[in-house]
Amino acid sequence: MPEEMKPESVLLHDLDSAAETDMLCIFGTGDLGRSLGLRLLQSGYRVVYGSRRPHSCGPLPPGAQVMNHVAAARSSSLIFICVHREHYGFLETLAPHLEEKVLVDLSNNLKKDVYPEANATYLQRLVPKATVVKGFNTLSAWALQNGLLAGKQVFLCGNSAEAKRAAADVATKLGLTVLDKGSLSAAREIEDFPLRLFPEWRLPLCVAVGLTAFFFFYLLIRDVIYAYVEQEKDISYRIMISLANKVFPIVSLIMLSLCYLPGVIAAFLQLYRGTKYKRFPDWLDRWMLCRKQMGLVALGFAFLHAIYTFVIPIRYSVRHKLISRVVDEMKENKTTPFYFDNTEAWGTDSFYVLGITGFFLYVLLALTSLPSVGGSLSWREFTFIQSKLGHLTLFICTAHGYVYGWNKFLKLSTYKWYTPPGYMLCLIVPSVVLVLKLLLLLPCVDRTLTRIRQGWERNQSKETVGDNKATNL
Ligand code: NAP
């Protein structure tokens, strides 16, 4: 060990003649620094920590060295900055020792837009002669500690391709997938990633809440309030199960059709424009990007519908109604309960079969949307399941709704206060989607659409090529 290193470093492992390339430096011995160091050591790197208190910084991964910042910076050309941005001031004083080093900024903020500039840009300003790369900040100390890195994506950005390559090499060796986001100006976007709160789920959840609220109050008025006002009956107990079990399938079916509606709209838009080389409107793009989440929320409602349906026979009100009906019939010596209506039997059986099949296909669609399952399918298999099977699911679930109301649609009593029942309203959107899809399947329309999607429109200017974000509908 060199003599001059003694007062400023604690050696937990012999440095020997370590090649600078596999020696990595970490500033900060906190949660992230320690977890990252452990993972780097396990990947075959040698790790040296730069700390304010090299002699009392707490337990570090075995095999790592710890020194003061200046000495640690000397031993590696790549330094991971695992320190909060608020403490970056000390790096400015270290600037002469950090010249030509690659500084990987891992910092995050607790809120968006707290500072006027990104942490990495600030760091670059403090140490102008070093090269700053933003990245690894989307990993958590917990994931690093537990080795949950395989397949995880890290974003990198920086103004030097060489520096990014050096950071990317480390990431790849850790088993991470690297996504280059370009220059350091992308740092703010990368810093905001950990602060995102289900962005793709926002629209589907808003739609679900909106539909649930609307149909809940609509059915409350039509069923419970109507019975109270017109028949002087208090059936408010039905809110808990009967009413809820009407709202769930309605929301589920509408949301399922909303998964397929944007695809159909996009196809008609392409037909109308005669080209695929034109951007879809932003609202359509956003809608298409959250179809998976829309479908999963729809499946959630379908699940609730299935569970609620199972409890129907054990409900007190249902058992009471059945028993009192039988008792009444026996008292009056009638045989009505024993009369068997063949059409009714066919109707109810078809209704249940369609419901069960629809639910099964629903689950199948959800399973193939899982990255691990979807990733193992070929493009054609995935498209077949999500598009063909998806539309079949929508058809079967819609048919489930039609069969439910087949003998009620024409009855006047169905239209309480001149309003259509919920199950009738919920059939509108899926029926429109299915009719539009059927039109798209007409041979002449299908042929034109296929030619458009194969880039048939050749006389478009070149710069519009690539604008289209979603050609795979
Ligand atoms: P931490 O546990 O509080 O550790 C921060 C380290 O910074 C301390 O251990 C200390 O190391 C050093 N430090 C503290 N005050 C300092 C000062 N005034 N001057 C110089 N160094 C100082 O924090 P952390 O959880 O490791 O997070 C570090 C950075 O990584 C933060 O910017 C955070 O946003 C980011 N990050 C954290 C995670 C995570 O899961 N924890 C995930 C992604 C990103 P010494 O005592 O050895 O000097």
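Is L392 buried, partly exposed or exposed? L392 is partly exposed, as its relative accessible area is 38% (buried means under 20%, exposed over 50% and partly exposed in between, with a 1.4 Å probe and protein chains only).

## Basis of the model

This is a predicted model, in which local features need pLDDT of at least 70, side-chain atom pairs count only at pLDDT 80 or more, and totals for chains, interfaces and linings use all residues. Residues are numbered from 1 along each chain as its sequence is written, and side-chain values use heavy atoms, leaving out hydrogens and water.

## Position of L392

L392 belongs to helix α15 (helices are DSSP runs of H or I, at least four residues, numbered from the N terminus). Between L392 and Y260 there are 132 residues in sequence and 11 Å in space, C-alpha to C-alpha.

## Nonpolar cores

The largest nonpolar core has 54 residues, of which I254, M255, L256, Y260, M294, Y362 and L394 touch the most other members. Such a core is a set of buried Ala, Val, Leu, Ile, Met, Phe, Trp, Tyr and Cys residues joined through side-chain atoms within 4.5 Å. Helix α9 (residues 242-273) supplies its largest share, 17 residues. Another core, of 33 residues, lies apart from it and includes L24, C82, A163 and L174.

## Packing of α15 and α17

Helix α15 (residues 379-405) packs with helix α17 (residues 428-440) at an angle of about 135 degrees, their axes being 10 Å apart. Axes are lines fitted to C-alpha atoms over the stretch in contact, and angles run from 0 to 180 degrees between N-to-C directions. Contact means heavy atoms within 4.5 Å.

Key:
Helix = DSSP H or I, 4+ residues; strand = E, 2+ residues; numbered from the N terminus.
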